[in-house]
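Grab a viewer and work through a few exercises on the model below. Try each task before you read its solution.

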Amino acid sequence: MRLDIVQWRMRLRTLASSVRPRHAAWWALPLAVLLGLLLLDRLFPLPAPGRDSPYALVVEARDGTPLRAFPDKDHIWRHPVRLEEVSPLYLEALTRYEDRAFWWHPGVNPLALLRAAGQWATQGHIVSGGSTITMQVARILDPQARSLRGKLVQILRAVQIECHYSKREILALYLNYAPMGGVLEGVEAASRAYLGKPALRLSHAEAALLTVLPQQPSRLRPDRFAAKAQGARDKVLRRMAGRWSDADIREALGEPVVAQTLREPMLAPLLAQRLKETADAAGDRTRIRSTIDAASQATVENLLGDRVRGLPPRVSLAAMVMDNASHEVLAYAGSADFGDKDRFSHVDMVRASRSPGSALKPFLYGFALDEGMIHSESLLSDTPQSFGGYQPGNFQQSFHGPVSVSEALVKSLNVPAVEVLDQLGPLRFVAMLRRGGLKLDFPRGAEPNLSVILGGAGVRLENMVGAYAALARKGLAVVPRFTPDAPVREQRMMSEGAAFIIRDILETGGPLGRAVEGQGAYRGIAWKTGTSFGFRDAWAFGVSQRYTVGVWVGRPDGTPNPGFFGANVAAPLLVDIFTALPGGRNANPEPAPPGVTLEKICWPTGMRAQGTDPRHCPVQRTAWTLQGVTPPTFADKVRGGAQLLTYFTDRASGMRVMPACAHGDVDRHELARWPASLEPWLDADLRRRALPPGWAKECEQAYRPEGIRIVGLSDGEVIRQARGADLPRARVDVRGAQGGDLHWAVNGSLVAAQGKGNGRVLEFPHAGRYDVTVFDGGGNVDRVSVSVVAATVR
């Protein structure tokens with residue numbers, strides 16, 4: 001408590017007015033001394049602690065473990081600590097060994113000074129010091145030369161300190177500023193640096209060691225001079241006889257002095273830097289408590305360090321782990337190795353905006369579920385398509401024909417995702433993401449378009465982790481929290497039912513995956529990968545009941561990394577992180593929430609099988625439905641019209657006819673039409689059951705519609721290799737193309753694109769079946785299947 005000069009002046013005036021004249025002589029000398037002391041206090045004020053040597057700023061984990069400390073301007077490490085945060089064993093050893101009379105003397109212990117002076121006079125050297133803890137604080141606040149004059153100044157300063165501060169405040173100054181060797185000051189900094197623990201958890205031996213260290217901080221450093229430090233420590237322990245039990249002292253004397261190498265704490269360094277910047281903007285702070293779990297942080301950093309050693313130069317990694325219940329970030333690695341400058345270690349890729357590739361697809365399908373546009377097994381077309389001139393391809397440049405929403409999401413197929421986005425609308429999709437708390441970054445002046453679902457925008461790892469948490473939090477996305485006092489913010493990304501369906505698809509493969517694979521293939525994690533254009537960014541995001549984790553791999557400068565994609569570099573690291581975290585994987589799949597049910601549905605209509613004519617349901621699937629809604633398959637872009645087709649066949653031949661051109665009896669039939677783009681991709685058995693037969697000759701010319709057709713190869717043709725010759729090739733061409741470039745695919749893999757009117761030579765490198773497909777810019781498709789037979793060797 002500081003001396004109130006005005007209050008003392010008023011007291012002196014009152015006292016002086018009450019003194020009788022005959023007693024004035026008795027009061028004159030004490031008053032003069034007191035006034036002189038007050039004048040000296042005004043002329044030589046105490047230096048304010050911390051004004052010239054402030055505390056280091058320390059960023060801590062949730063349990064107080066230092067993550068990173070930023071030293072003062074003199075590079076001194078000083079961690080602020082209160083008396084309540086220091087072990088009582090240390091306070092007891094300090095006051096008994098250094099200053100037994102601390103709690104009652106006025107800053108100076110005359111008996112101790114006389115004893116020290118007598119020892120010095122009789123033995124010619126200093127045997128014991130006479131300094132009190134207050135005098136040592138005086139030396140810290142106002143350093144003086146080691147001389148008689150310096151000692152006198154120190155004594156006066158000690159008295160001055162006692163007038164300005166309470167005993168607890170003086171002791172707190174000592175705890176925070178006592179020299180501890182090297183660049184360390186204060187018991188907390190020493191305990192963390194040498195012993196790896198907070199000062200609150202000191203043992204008897206450790207408390208004695210840190211008590212004696214300030215006497216000779218350079219010569220007693222336990223990390224360099226363990227034997228000397230142990231000898232000095234044992235002296236303190238023996239001095240504690242009578243205060244500590246004999247058993248505790250014997251055990252402490254048998255404990256060796258082992259100190260860790262003095263080094264700066266360096267866990268989550270980029271998050272610490274981020275929080276320091278926030279603290280600098282907010283004002284003077286000396287300690288920042290984060291949400292980081294020190295063990296989880298160390299685990300993640302070790303995993304990244306192991307993985308990055310196998311990656312090319314300049315490739316970095318980033319990862320973040322968030323607790324789903326509290327939204328607290330438990331691990332934050334903005335770069336792979338903070339000490340490796342060649343890998344752009346200073347660039348925090350948790351905050352960098354990069355293309356997410358396919359990582360937004362789960363949100364698209366979740367929104368479409370909520371809008372009643374799809375269920376988990378809705379029929380989509382993974383075929384070459386054009387969307388207003390935009391012609392997306394899949395990552396492997398292959399196509400799968402008819403696929404369900406579940407299959408499209410698990411396989412991360414691009415064309416079906418663009419098909420769904422085309423129905424939902426890019427602007428609406430981006431707005432729905434923003435409503436859920438995920439803001440996409442677009443170039444200045446750019447508007448969202450269909451490419452956004454394939455990575456045509458920028459995202460940040462931390463925001464994506466908050467958004468993916470919606471899959472584990474009943475549809476609620478969150479803002480990750482880095483400090484315990486950060487506000488809790490959550491927004492509705494999608495409904496609970498949609499979140500469950502998307503998570504189940506990513507975790508188990510959906511209803512089909514549950515039925516076919518069983519528990520043996522259960523992941524215990526729902527994850528999705530993404531790869532940006534040109535292999536610049538590889539992503540993986542995953543959720544379990546307890547955690548949401550995000551991983552990024554790439555070069556911070558945006559240089560491509562051919563062959564690096566989410567599935568082969570990011571996903572394995574994601575799985576390793578979940579496996580290493582306590583309770584990282586789910587033990588069992590989550591039960592479906594209310595409103596989510598399993599229904600048998602039909603392809604190609606997409607409608608519920610119950611109540612549907614079996615003739616219109618050639619393929620049945622088991623689907624997750626939301627609120628019992630079974631929306632129909634998207635309208636056919638190529639030919640339009642109703643889903644049901646009525647056609648006639650000649651009763652004798654079974655070929656397709658029209659009554660006007662038929663020569664015999666006809667039968668009337670009705671079937672559900674498949675999208676025109678999918679018809680060439682149906683297998684032979686399904687074609688027979690789901691498509692009308694070919695036209696009879698008498699009706700073909702009148703009723704077969706003109707369209708794109710492959711010429712040069714016939715459907716079902718068998719091509720045989722001649723002995724001694726290479727495997728055959730075939731020249732093909734197209735008739736009836738509508739517009740745009742022609743695209744050729746063989747067995748689902750895109751092999752060429754060319755302008756109209758030019759033939760194409762197709763090679764068949766080995767024997768077997770080949771499905772040859774061509775499509776034009778108008779979405780018209782034709783397909784033929786041929787078989788190649790190798791020559792017989794005799």
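What follows is a set of exercises, each with a worked solution.

A word on conventions before we start. This is a predicted model, in which local features need pLDDT of at least 70, side-chain atom pairs count only at pLDDT 80 or more, and totals for chains, interfaces and linings use all residues. Residues are numbered from 1 along each chain as its sequence is written, and side-chain values use heavy atoms, with hydrogens and water left out.

**Exercise 1. Find out how enclosed helix H3 (residues 88-98) is, and what covers its buried residues.**

Step 1: Helices (H or I, at least four residues) and strands (E, at least two) are DSSP runs, numbered from the N terminus. Buried means under 20% relative accessible area, exposed over 50%, and partly exposed in between (1.4 Å probe, protein chains only).

Step 2: go through the helix. Nine of the eleven residues of H3 are buried, so the rest of the structure largely encloses this helix. The buried ones are Leu89, Tyr90, Leu91, Ala93, Leu94, Thr95, Arg96, Tyr97 and Glu98.

Step 3: look for the cover, using contact (heavy atoms within 4.5 Å). The covering elements include helices H5 (133-141), H7 (167-177), H8 (187-195), H9 (204-212) and H10 (226-239).

**Exercise 2. Describe how H5 and H7 pack.**

Step 1: take the axes, which are lines fitted to C-alpha atoms, for helices over the stretch in contact, with angles from 0 to 180 degrees between N-to-C directions. The H5 and H7 axes come within 9 Å and cross at roughly 55°.

Step 2: name the arrangement. That angle makes H5 oblique to H7; under 35 degrees counts as roughly parallel, over 145 as roughly antiparallel, 65 to 115 as roughly perpendicular and the rest as oblique. The crossing of H5 and H7 is left-handed, that is, the near helix is turned anticlockwise from the far one by less than a right angle.

Step 3: list who meets whom. From H5, Ile133, Thr134, Gln136, Val137 and Ile140 touch Lys167, Ile170, Leu171, Leu173, Tyr174 and Tyr177 of H7. By class, that contact has eight nonpolar, two polar and one charged residues (Ala, Val, Leu, Ile, Met, Phe, Trp, Tyr, Cys and Pro count as nonpolar, Asp, Glu, Lys and Arg as charged, and the others, Gly among them, as polar).

**Exercise 3. Check the backbone at Pro604, His327 and Phe535.**

Step 1: recall the background. Most residues other than glycine have a negative phi, and most peptide bonds are trans.

Step 2: check omega. The bond from Trp603 to Pro604 is cis, with omega near 15°, and Pro604 is in the loop between strands E17 (596-603) and E18 (619-626).

Step 3: check phi. His327 has a positive phi near 70° and is buried, with a relative accessible area of 2%. Phe535 has a positive phi of about 60° and is partly exposed, at 28%.
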